Amino acid sequence: MEVADRGSSGLTFGMLDPAPVAVAVTQGPEHRLIYSNALYRSMVSDPRGGAPVEEAFTESVLPHYRALFDHVYATGEPATSSAQPSMPIPGSRAPGERFFSFSLSRVVLGPGEHGVLVVVMDVTEQTHAARRLTAVAEERLRILRRYESLIRVSADIVWVTSGDGFVSEPSPSWERVTGMPWEKYQGQGWLRAVHPEDRPATVRSWARAVKRVTEMWEHVYRLRTADGSYRHFQLRAVPICEDDQVVEWVGASIDIEQQWQEQRRQRLLDRAATATAQLRGLDEMLGALTGVIVPELADGCGVYLVTDLTDERHSGAPFIVERLATAARPGLKRLPPYSEEQLRAGNTFVKAVRRRRPVQKRFPAGSPPPDVAPAGTLPWLTANDANSVLVLPVVVDGTVPAVVCAVTCGDRPPISQADIGLLNRMFDHAHDALSRAIRYQRAQQIALALQYSLLAEPPRLPGPRIVARYRASPAAAEVGGDWYDSFVLPDGVPVMVVGDVAGHDLGAAVAMSQLRNMLRALAMDRREPPGEILTRLNIAMESLSDDVTATCVYARVEAVGDGYRLEYATAGHPPPLLVTPGDGGRFLEGGVSPLLGFPHSGARLSAVEPLPPGSTLLLYTDGLVERPGEHLDEGLGRLLHLAESLAGEPVDRFCDTVVSGLPTSGLDDIAVMALRVPS
């Protein structure tokens, strides 16, 4: 067929055989195949030349292609199609579904003759590759959607920063929780939503993570939410790396406020339980509890003892409180730990005690109402910009022995109802320990009252002057048996006595009172030398029901001519100290005998010592000079040195300085008696 070999240009179709694309030519309106190159024939096995296109390609040409051929032939408008699938082609070298891209265009074959030029490309591999890429993209999209869904259900806030740690993408969840728009939290603007107290630690922690590229950064801070309140959030962030370089950080912030409050609550309860379990005294326990309350729950705290425990009070009856312990957060001046005040019936403290439930008062910062606290506390509230006071009665064994006053200052919000409940639980947990401490304190107060009732004022003499001091141990668990006594015998001779009964309990105080009275009776009746009086006292002690032991120094100060002399005896007691201006001091070590309470067959000796004009005689109990782990001579040396420095001082000052000026163990009571001889 000549037309099959040559086109209208005179060029043969054979020139198209080496073309890299499949080429075919049809002729006339019947679209009879007049040419196909080798590549075309390799795609379709032996197409029948001269047959219409639907017959030549029965196996591979779909029915709607005929209409497309007709349209191109009739109008001359070219047509194209991309990645069209075909059925498996018999005899094809690539079995299975294949994809072709083709174009149809009208060509002139001769005068008045036209045909259709078909150019076909096999794009099966490209189509499969594109499908694979599409599948991968769709899979990644599904994974991303799953990740986003997981984040929505597992985190409150999701955020992204640049590799150097600056917020680089908007976070709708951040805006929803904090109420901050993008222009305010981008970069480092997010720090403005962090609590001011947590901000420095957060900046340092985040800077370290970015610099060291930690595998995961974790941190907890308080974040201001849209309603203006602060809540605790747990932060976690991980670096995203490309070619060993951090390109961004992805983080999540989870609201852990409830969990944090539970942990804080348990921590405070444990601290309160530990504090009360390790202490015995009421003031120590209450002081330890103020240290738990401040600064966790309040800026300042004071604990007041209600001295009158009677519940039924008349409206006009006095209401007295003693402040036993105080605490204040750093930056605030602490109130003095002790004060005693009388309150009016309308005071908040009185209302809280009578109602037995907490009373909270809120007011403008630095402007407390006059009835919100004791008058001595009001200046502190004003000076520290207090904005609320919580008065919490402590109920123990059905009474209110103490009141807790917790204060918030400045911008800190008042104590919440949840924290008021926590305070109640804290004191409920400490109930048994507080009950024991209160019972002990009452017993101690009774013993101290008994002890002080027996410590009479020394007699006023025409010549020498006698002063006495007694200091109960602030740290001792119980009262002691220390005592002093001074009286004038029927013959006009003044007597000085200082003694110490072994023990630190109510029994020791009772035994002390018995020995004091027995010694007075023996001295007034016999008027014998001091050694003989102590001998008789030791015999009389056998009548006491318990095994009582004691030390004692008994001294008579007699006028002799124009001067005075001392006759004394000691039974296991530290020696008297005599200090003379200009001559120094010395311990009087005569008239020594064993302590009282043990059988002693020998006579107890007395000693005589002149008392120079202007001299000072000091009698004292061993609590003044004894310290744990220290030899007695060291304490006596300190006493001698101090007393010599005070030789010219008035006897009152001399005695006061001796009691307060020496380092002691703090575990024993101290009784001191000094006599000043006229110059």
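User: What is the handedness of the crossing of H8 and H12?

Analyst: The crossing of H8 and H12 is right-handed. Please keep in mind that this is a predicted model.

User: Which quantities describe such a pair of helices?

Analyst: Two packed helices are described by the angle between their axes and by the distance between those axes. In this structure, the axes of H8 and helix H12 (residues 417-429) come within 9 Å and cross at roughly 30°. Angles under 35 degrees count as roughly parallel, and H8 is therefore roughly parallel to H12.

User: Which residues of H8 and H12 make the contact?

Analyst: H8 contributes Arg264, Arg265, Leu268, Leu269 and Ala272, while H12 contributes Asp419, Leu422, Arg425, Met426 and His429. By class, the residues in the contact of H8 with H12 are 5 nonpolar, 1 polar and 4 charged.

User: At what angle do the axes of H8 and H9 cross?

Analyst: Helix H8 (residues 257-278) and helix H9 (residues 282-293) have axes that cross at roughly 160° and come within 9 Å. An angle over 145 degrees counts as roughly antiparallel, and H8 and H9 are therefore roughly antiparallel to each other. The crossing of H8 and H9 is right-handed.

User: Which residues meet where H8 and H9 are in contact?

Analyst: From H8 come Leu268, Arg271, Ala272, Ala275 and Thr276, and these meet Met285, Ala288, Leu289, Gly291 and Val292 of H9. The contact of H8 with H9 comprises 7 nonpolar, 2 polar and 1 charged residues. Leu268 and Ala272 of H8 also belong to the contact with H12.

User: How are H9 and H12 placed, parallel or antiparallel?

Analyst: The axes of H9 and H12 cross at roughly 150° and come within 12 Å, so H9 is roughly antiparallel to H12. The crossing of H9 and H12 is right-handed. Leu289, Val292 and Ile293 of H9 make the contact with Leu423, Met426 and Phe427 of H12. By class, the contact of H9 with H12 has 6 nonpolar residues, with no polar and no charged ones.

User: Where do the buried residues of H15 fall when seen down the helix axis?

Analyst: The general idea is that an α-helix has 3.6 residues a turn, so residues three or four places apart point the same way. In helix H15 (residues 530-540), the buried residues are Pro530, Gly531, Ile533, Leu534, Leu537 and Asn538. Seen down the axis of H15, these buried residues fall within an arc of 160°, so they line one face of the helix.

User: Let us turn to single residues. Is Thr348 buried or exposed?

Analyst: A residue is called buried when its relative accessible area is under 20%. Thr348 has a relative accessible area of 1% and is therefore buried. Thr348 lies in helix H10 (residues 348-355). Setting aside neighbours within four places in sequence, Thr348 is in contact with Val359, Lys361, Asp371, Val372 and Val391.

User: How does Cys405 read, buried or exposed?

Analyst: Cys405 counts as buried because its relative accessibility is 4%. Cys405 is located in strand E15 (residues 399-409). Not counting residues up to four places away in sequence, Cys405 touches Gly300, Cys301, Gly302, Tyr304, Phe349, Val389 and Leu390.

User: Is Lys333 buried or exposed?

Analyst: The cut-off for an exposed residue is over 50%, and Lys333, at 69% relative accessibility, counts as exposed. Lys333 is in the loop between strand E11 (319-328) and strand E12 (339-343). Apart from neighbours within four places in sequence, Lys333 is in contact with Ala328, Trp380 and Asn384. Lys333 and Asn384 are 51 residues apart along the chain, and their C-alpha atoms are separated by 8.3 Å.

User: What is the relative accessibility of Leu595?

Analyst: Leu595 has 30% relative accessibility and so counts as partly exposed. Leu595 lies in the loop between strand E23 (592-593) and strand E24 (607-611). Thr549 is 46 residues from Leu595 in sequence, with 7.1 Å between the two in space, C-alpha to C-alpha.

User: How many helices and strands are there in the chain?

Analyst: The chain has 17 helices and 26 strands. Of its 679 residues, 46% count as buried.

Methods: Residues numbered from 1 in each chain as written. Predicted model: local features only at pLDDT ≥ 70, side-chain atom pairs only at ≥ 80, totals over all residues. Heavy atoms only, no water. Helix = DSSP H or I, 4+ residues; strand = E, 2+ residues; numbered from the N terminus. Buried < 20%, exposed > 50% of the residue type's maximum accessible area, 1.4 Å probe, protein only. Contact = heavy atoms within 4.5 Å. Arc of directions from axis to C-beta. Axes fitted to C-alpha atoms, helices over the stretch in contact; angles between N-to-C directions. Parallel < 35°, antiparallel > 145°, perpendicular 65-115°, else oblique. Left-handed = near helix turned anticlockwise from the far one by under 90°. Nonpolar A, V, L, I, M, F, W, Y, C, P; charged D, E, K, R; others polar.
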